Amino acid sequence: MTKTRLYSGMQPSAESLQIGNYIGALLPWKSLQQTHDAFFSIVDLHAITVAQDPTALRENTRRTAAQYIAAGIDPAASTLYVQSHVAAHAQLAWVLNTITGYGEASRMTQFKDKSARHGADATTVGLFAYPTLMAADILLYQTSLVPVGEDQRQHVELTRDLAARFNARFGDTFTIPEVAIQKETAKIYDLQNPLSKMSKSAESHAGVIWLLEDSAVTRKKIMRAVTDTDGGVVFDRENKPGVANLLTIYSVLAERSVQSLEDEYAGRGYGDLKKGLAEVVTSTFDPIRARVQELLDDPAELDRLLAVNAAHAAEVANETLATVYDRVGFLQPR
């Protein structure tokens, strides 16, 4: 039986992933790779839409790949590769740029938000074209399913539109992908500002739990997490966002229902809840951190794994690209 094709990726935009990446992406990917033909990418082409230090980008790309593997993404069970290692991503993106309307690209929410925040002079054409590159990422692999966060839904909808537009103009070429939005309960919020999603780009790292930070630092952050003065360990996203966030993290990592945690901590203080959560988080991340270090200690082997997977990805991508080039009328080399 042929498995459904799946594509997803993350940027290598920091030295370490954070717990929201782990819960919202890596854990679902770990499960999905068993049931789908999964392609997972470290999207370094997307990363350079904002200024990057070249040495740091190269190092963060390796570190991100190591964290994927240490968290359970198996290069033998899925295709784990670096985006820039497959030239077809940039090549297809250019073709898609030519069928994307200026108006529809300028209406992308993330572009509007970032350009409004940083100003026109600090906003690049690369950032403007980010969604068409993302569309190329997806369409190259004839992807059927794209698991993303809610903030990427609009980009996947554009991908669907571009695929349908190309198919109508040049003949049936691309699979129209379906979007799979992560569950609301999987969203992780900043420990110091539980109304804001936890982010690698947060202004302050005090509320961010990093996969690779020392366990003592993680414990301290959890013990200092914002809660409220009401007391009572109860999941109430609207009125008790800090406590709800801690319960969400605890529930996912401990593989327990929120109700069972509410029952266990009934009549006890937030300090007890935080201590229990800190134990669960550190016991989850300590072995991941150790495995990451093993992988980084042998960069040649890590690079070899990525190269093998990139070769497979390129084989699939190039087949799609060849069809696209033929359909649009490019003269092929002999």
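Q: What is a salt bridge?
A: A salt bridge is a side-chain nitrogen of Lys or Arg within 4 Å of a carboxyl oxygen of Asp or Glu. The model here is predicted, so local features need pLDDT of at least 70 and side-chain atom pairs count only at pLDDT 80 or more, while totals for chains, interfaces and linings use all residues. Residues are numbered from 1 along each chain as its sequence is written, and side-chain values use heavy atoms, with hydrogens and water left out.

Q: How many salt bridges does a search of the whole structure find?
A: The search finds 15. One of them joins the side chains of R63 and E59, at 4.0 Å from N to O.

Q: How far apart are R63 and E59 in helix α3?
A: A helix is a DSSP run of H or I with at least four residues, numbered from the N terminus. R63 and E59 are four residues apart in α3, so about one helical turn separates them.

Q: Is E59 buried or partly exposed?
A: Relative accessible area decides: under 20% is buried, over 50% is exposed, and in between is partly exposed (1.4 Å probe, protein chains only). E59 has 35% relative accessibility and therefore counts as partly exposed.

Q: What caps the N-terminal end of α3, and what follows the helix?
A: D53 is the cap, with a side-chain oxygen 3.2 Å from the backbone nitrogen of T55. This is a polar contact, a pair of N or O atoms within 3.5 Å; within protein, one must be able to donate a hydrogen and the other to accept it, and residues adjacent in sequence count only if both atoms are side-chain atoms. After α3 comes G72, with a positive phi near 120°.

Q: Which backbone nitrogen does the side chain of Q33 reach?
A: The side chain of Q33 reaches the backbone nitrogen of D74, at 3.0 Å. Q33 belongs to helix α1, residues 19-35, and is buried because its relative accessibility is 2%.

Q: What do the side chains of D228 and K240 form?
A: They meet in a salt bridge at 3.2 Å, N to O. Both residues lie in the loop between α10 (215-223) and α11 (241-254), so the pair ties together parts that are 12 residues apart in sequence. D228 is partly exposed at 22% relative accessible area, whereas K240 is buried at 7%.

Q: Are D272 and R268 buried or partly exposed?
A: D272 is partly exposed at 29%, and R268 is partly exposed at 35%. Their side chains form a salt bridge at 3.3 Å, N to O.

Q: Which residues are linked in a network of salt bridges?
A: E157, R160 and E178 are linked in this way.

Q: How does the span of α9 compare with what its 18 residues should give?
A: α9 runs over residues 153-170; its end C-alpha atoms lie 26 Å apart, which agrees with the 26 Å that its residues should span.

Q: Which residues of α9 are buried, and what follows the helix?
A: The buried residues are H155, V156, L158, T159, L162, A163, F166 and N167. G171 follows α9 and has a positive phi near 105°.

Conventions: Helix = DSSP H or I, 4+ residues; strand = E, 2+ residues; numbered from the N terminus. Expected span 1.5 Å × (residues − 1).
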